[in-house]
Amino acid sequence: MTKKQGMRSALMALAFAGGLMATAPAYAEGTLTISSPQDPGSWDPVDTFLVNWSSVATNIYDGLTYRGPDAKLVPGLASSWEEFDGGTRIRFHLREGVTFQNGEPFNAEAVKFTFDRLMGDEGKKGPQRSNYAAIKSVEVIDENTVDMHLTQPDPVLLTKLAGYGAMIVPPKYIAEKGEDYFNAHPIGTGPFKMVSYEPKVGLTLEAYADHWGGAPKLSTIKYRFISEPSTAVAELQAGNVDLVIPPTIPIGMIPTIQEDENIDIVTTVSPTVYALRFNTGNGITADEKVRKAMIYGVDRQAIIDSILGGQAAPIASFQGELSFGNDPSMKPLPYDPAKAQALLKEAGVAPGTKIQIDIRGNDATFNEVAQAVASYLQVIGLNATIKPYETNVLLNDIIPAGKTGAMFQQSWGGWTLDYDNTAYFMYHTGEKWNPYDSDPELDKLLESQRAITDRAKREEILQSIAHYTADRALEMPLYNLNAIFGVSKRVKNFTPVPDSRLRLTEVTVD
Amino acid sequence: MAGFLIKRLLQAIFVVVAVTLIVSFAIRLTGDPALMLSQGAGSITEEDLARIRESLGLNQPFFVQYADFMLGLFSLDFGRSFLGGTQVSALIANALPATLMLAFASMFVSIVISIPLGIKAAISRGKWPDQVIRILSLVGLSFPNFWLAIMLVLLLSITFRLLPPSGMTGIENFIMPAITMGVILTATNVRLVRTSMLETLQSQYIMVARAKGLSENVVLYKHALRNCAIPLVTYFGLQFGNLLGGIVVVELVFNWPGMGTLAFEAVGARDYPVLQAVITVLSIMIVGVNLLVDIAYGLIDPRIRTE
């Protein structure tokens, strides 16, 4: 612990001193260097869930649909689509004249192959398949038309086709070269082609001039895998890296980066929301009054202003403003310690009652947030202790098994930007992330919206779920955190993306 | 000599087997890699997890998995990484040379500094050069290596822009990590050289050498240094093991593509094959170096091999 703090203050000093002196770096024209925190190990779309897969792969592949930084769904490899049979059949009209980076033509066969593979043996080995479980089969109608048959309507499917497991892959190439080769030598239809990949070290992308959307403006993108935030920022300050992508830069390092005249912090609203969820199964938090009291008792706005440097927004339910299903008119419970104490008294909770807050130990920022929450709870008469777990242990062993304390950290941010992707998994009976609660009425609401393809009606139900969970105080909603990028000033036309799906076709460098 | 060698070799094999067994067993207590891989998935069923486990070979009993791993060792096949399915042997083939080069560079830095300083401290025992060297070595010993690493980056990469802050693309990348590791090793090595030298200098044969009228340099470097080499060789050899362990933090700070970084990421990702392989390879090397030290001992001092 002390080691970590020592490291942090040293980093501050480092970043600060870096701000005092800087010279312009020299580069070959058109090369952008990116620091990414993790190597996913395989570039095959069916293999991984890691967001840093998509910060590279969004440049290599295209999906049938495309969703850019503005979060609007637009045509991708499919130029248009229609829904039939109550949403269980989607007909896609494919873009013509598109080729993969190896020259192989893109057509209906490639689409069928992609989804057969995802739902078949290869897909079964990986984690992506479960996300596309609604897809029953893909039928080739003609060279440029396919029908996608679904087992049941999936209102989020079109969005899911814009990323991850649904990226279109080249059938002949994979058949000829084999699955293993494809993992390290991916080919897609996207604007950049991977030309070299050194596991755990880095990779290089080169512009694919024949991309259907026009040639990208950069000639080369280099990615370097740097997991240590201080190292990534040092490289940014030294001018060896032009862009540090999330999740890397901790809030505490922002001011020091801002002092450096050659680099900037660029942020955007992200889908990532933080909450302290309650153990609604046992202990004092089984009582709704106690849960409400605890929410009233914590000044969340003050935490955002002081600890998070304003890089976050308050939330009223467990979703951010980008989320489909967010009701902007819904306001978080106000900070009201007097009311909190009254509620606790009403619930018969003795002053000084002990509770435990489980958090991810490696999240320095959230550590501070949890400490602030604990001291607010102290004020209303609850004696909170913080228990940090190794992240993977908390996520895989403690929460799903229902072994948490009274509160536990949950950070969530589905790239689909749809509240279903949060609410269903957090609140439906029997889900992995819902170890304590079972509410038939809530289950029914959650199930009902899944079969509806009418957007307005669905949004209404999702919003009512948000209200319902807030009324029952199933969690203490904390904040929606921004996505934080460190960018060199030589980078132009860079638009930060909320969800790591970073496409760099418009970016240029000086 | 043959009996001595065989005995040492059998001991070494036993240690390696014990280490691999403990590591393979212990890492399986850290949790389920299938959960880890599907962590980003909202809804995942028990069947999905079972399928993923099966594709990773985790449905087999522990001893089958262990036997597979051990048999693979003989053909240098360490299996595939759970994260992306890369051949572990390929990852090790990249990482091991990086770590070894750094380890040797660090030892080189340390030996070059510590032997002259240690001798200087010994011959000026109690006088001011001795005091200064001892205080400096105490300071060196108290440095946390990551702090020193960060200070070097701050000074040499960011303020003066002389050296790249991280990576391994050229010889200039070696300077800061090797100094970081080297300085910390030097702190202990200087004291060791000093003590060892002091003991030797009090021996009668040194008195004889001096009485013969040999120059001080010949006395020091030919007679004394050679005789105090035994504990030094042992220590430098054993230190190599510590060095490989301590290199993890330094590798992380300098984003060095070595075994430390590989192991660190493997722990985070519950990547059993990678972690098993890294620890096995490192333990074979540490045991191997110890074995070599024992043999070198025997060569330098004939009394040992006849024991």
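**Figure 1. The interface between chain B and chain A in a predicted model.** Here 46 residues of chain B are in contact with 47 residues of chain A. Contact means that the C-beta atoms of two residues, placed from the backbone, lie within 7 Å. On the chain B side, at least two residues each come from helix 2 (33-37), helix 3 (46-56), helix 5, helix 7 (145-159), helix 11 (229-253) and helix 12. Helix 7 of chain B gives the most, with 8 residues. By class, the side of chain B that touches chain A has 21 nonpolar, 19 polar and 6 charged residues. Ala, Val, Leu, Ile, Met, Phe, Trp, Tyr, Cys and Pro count as nonpolar, Asp, Glu, Lys and Arg as charged, and the others, Gly among them, as polar. Helices (H or I, at least four residues) and strands (E, at least two) are DSSP runs, numbered from the N terminus. In this predicted model, local features need pLDDT of at least 70 and side-chain atom pairs count only at pLDDT 80 or more, while totals for chains, interfaces and linings use all residues. Residues are numbered from 1 along each chain as its sequence is written, and chains are lettered from A and ligands numbered from 1 in the order in which they are written.

**Figure 2. Packing of helix 5 and helix 12 in chain B.** Helix 5 (residues 88-123) and helix 12 (residues 259-269) of chain B pack at an angle of about 130°, with axes 7 Å apart. Axes are lines fitted to C-alpha atoms over the stretch in contact, and angles run from 0 to 180 degrees between N-to-C directions. The two helices of chain B are therefore oblique to each other. Angles under 35 degrees count as roughly parallel, over 145 as roughly antiparallel, 65 to 115 as roughly perpendicular and the rest as oblique. From helix 5, B:L91, B:A95, B:L96 and B:T99 meet B:M259, B:G260 and B:L262 of helix 12. This contact has 5 nonpolar, 2 polar and no charged residues.

**Figure 3. The hairpin of strand 4 and strand 5 in chain A.** Strand 4 (residues 78-84) and strand 5 (residues 89-94) of chain A run antiparallel, joined by 6 bridges. Strands pair if DSSP finds at least two bridges between them. A:E82 stands opposite A:R91 in strand 5. Between the strands lie 4 residues, and A:D85 takes a positive phi near 50°.

**Figure 4. An annotated span of chain B.** The end C-alpha atoms of residues 100-123 of chain B lie 34 Å apart, and the span is 100% helix.

Terms used
UniProt positions are given in the numbering used here, feature names are shortened, and annotations may be inferred rather than shown by experiment.
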